[in-house]
Amino acid sequence: MKSFLPWRRAGLVLFALGGAMAMAAQAQAQVVQLKWGHVYEPTSIFHQQAELAARKIAEQSEGKIRIEVVPSSKLGQESDFPLMLANDSVQIAYVGEATLAEGYAPLGLASYPFAFKDLDHMRRYLASPLLAELMKGYNEKSGNRMVAAVYYGARQVTSARPLAKPEDFRDLRLYVPDAAAYQLFATALDAKPVTLPFMALYGALKKNEVEAQENPLGIVRSKKLYEVQKYVQLTAHVYDTLGIVIGKAAWAKLSAPQQAMVEKTLADTAKWTNVGVIAGELEDEQFLRGKGMTVSPVNRQLFLERIAKRSTPEQLGARPGDFRRLQALASGAN
């Protein structure tokens, strides 16, 4: 009998080792690995928010949900992300509401030019039942999960020459993102909209392939567009927002308690980002002045009237009555 004991011991060791490996594999399988893609620089507040949320989610899930944040368009352009979310090649993404509206048109309401009177109007929208309804509609239509909206900033126009009034935009080669609301802003002013990869914008402006562009001042600063543009026109034609969207397959991997925790964490960190973006806008304006840019207000009413003559929110897919509800928020109504 003694001669068989070493083999028994070896069998027991192998059995124990196999059990340990199985347990380790099971533990590993319980860890949900997610990639969060976006087009912004690592220095941007949006990347900072994503990193902050990733840390908080890892802590609160005891390491069972791990998020890798991938900046600077390394996973794709913003226009690529809705499809990438759907096929699970990226699991979380910042996507502008105007881009999301390409798949669920009513969500483009807030991207209609001059839809907001001022920043307070936008802040009321972010906390409104109207936005909650639109997010729910997007989720039902797409199968993805938009868990929060983040204030992206007021979109302003930068250029190589002054653009004081709508007529100055005629035949202007103006960069705008590839979404209907942004294209509408350009065409309603008789500009020539130019769409190209976000990472190529600086070079196109430097070569004068594009004469002007529109983005929040934080983007002008982080992308160093002040090196290739001279003027800032404070049009604030769109008070823009980003959706934080989780893909359908990734959302399904989370248990109900995990879903609730992730959604709350992303919504809470979005509020932190909103405060930071608002605080940063005035600082960005002063920074750009310091870099030699001429920063000037415009008569927004002239631009608003031009847009209103040539389009309606409903043409962009807004539901009947939604624009009226949005305007009512300016006075604090829901």
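Me: Two strands pair if DSSP finds at least two bridges between them. In which sense do β4 and β8 pair, parallel or antiparallel?

Reply: They pair in the antiparallel sense, over 12 bridges. Arg155, for one, has Val238 in β8 as its bridge partner. Strands here are DSSP runs of E with at least two residues, helices are runs of H or I with at least four, and both are numbered from the N terminus.

Me: Before we go on, what kind of model is this?

Reply: It is a predicted model, where local features need pLDDT of at least 70 and side-chain atom pairs count only at pLDDT 80 or more, while totals for chains, interfaces and linings use all residues. Residues are numbered from 1 along each chain as its sequence is written, and side-chain values use heavy atoms, leaving out hydrogens and water.

Me: Thanks! How many helices and strands are in the chain?

Reply: The chain has 13 helices and nine strands. Its C-alpha trace spans about 100 × 45 × 30 Å along the principal axes.

Me: And what share of the 334 residues is buried?

Reply: Buried residues make up 50% of them. Buried means under 20% relative accessible area, exposed means over 50%, and partly exposed is in between, using a 1.4 Å probe and protein chains only.

Me: Back to β8. How many of its residues are buried?

Reply: 15 of its 16 residues are buried, which leaves β8 mostly covered.

Me: Which sense does β8 use with β9, parallel or antiparallel?

Reply: Parallel, over four bridges, with β9 covering residues 294-297. Val232 has Val295 in β9 as its bridge partner. β3 joins β8 too, running antiparallel through five bridges, and there Val95 stands opposite Gly243 in β8.

Me: What about β1 and β2, how many bridges do they have?

Reply: Six, and β1 (residues 32-37) and β2 (residues 65-70) pair in the parallel sense. Leu34 has Ile67 in β2 as its bridge partner. Between β1 and β2 the chain passes through helix α2 (residues 45-60), making a right-handed β-α-β crossover. Right-handed means that, with the strands pointing away from you, the path from the first strand over the helix to the second runs clockwise.

Me: New topic: helix α5. Which of its residues are buried?

Reply: In α5 (residues 119-126), His121, Met122 and Tyr125 are buried. They sit on the same side of α5, because they cover an arc of only 100° around the axis. That arc is taken from the directions from the helix axis to the C-beta atoms.

Me: What covers them?

Reply: The cover includes α4 (97-100), α6 (129-142), β4 (145-159), β8 (231-246) and α13 (322-328).

Me: How buried is His121, and what is it in contact with?

Reply: His121 has a relative accessible area of 0%. Leaving aside neighbours within four places in sequence, its contacts are Ala115, Phe116, Leu326, Gln327, Leu329 and Ala330. Contact means heavy atoms within 4.5 Å. A polar atom of the His121 side chain also lies 3.0 Å from the backbone nitrogen of Lys117.

Me: Which residues touch the most other members of the largest nonpolar core?

Reply: Trp36, Tyr125 and Leu174 do, in a core of 101 residues. β4 gives the most to this core, with nine residues. A nonpolar core is a set of buried Ala, Val, Leu, Ile, Met, Phe, Trp, Tyr and Cys residues joined through side-chain atoms within 4.5 Å.

Me: Where is Leu174 found?

Reply: In strand β5 (residues 173-175). Leu174 is buried, at 0% relative accessible area, and its contacts beyond four places in sequence include Val157, Phe185 and Val210.

Me: Last one: what is phi for Asp88?

Reply: Asp88 has a positive phi of about 70° although it is not a glycine. Most residues other than glycine have a negative phi. Asp88 is in the loop between α3 (81-86) and β3 (92-96) and is partly exposed at 25%. Asp171 has a positive phi as well, near 65°, and lies in the loop between β4 and β5. Asp171 is partly exposed too, with 46% relative accessible area.

Conventions. A polar contact is a pair of N or O atoms within 3.5 Å; within protein, one must be able to donate a hydrogen and the other to accept it, and residues adjacent in sequence count only if both atoms are side-chain atoms.
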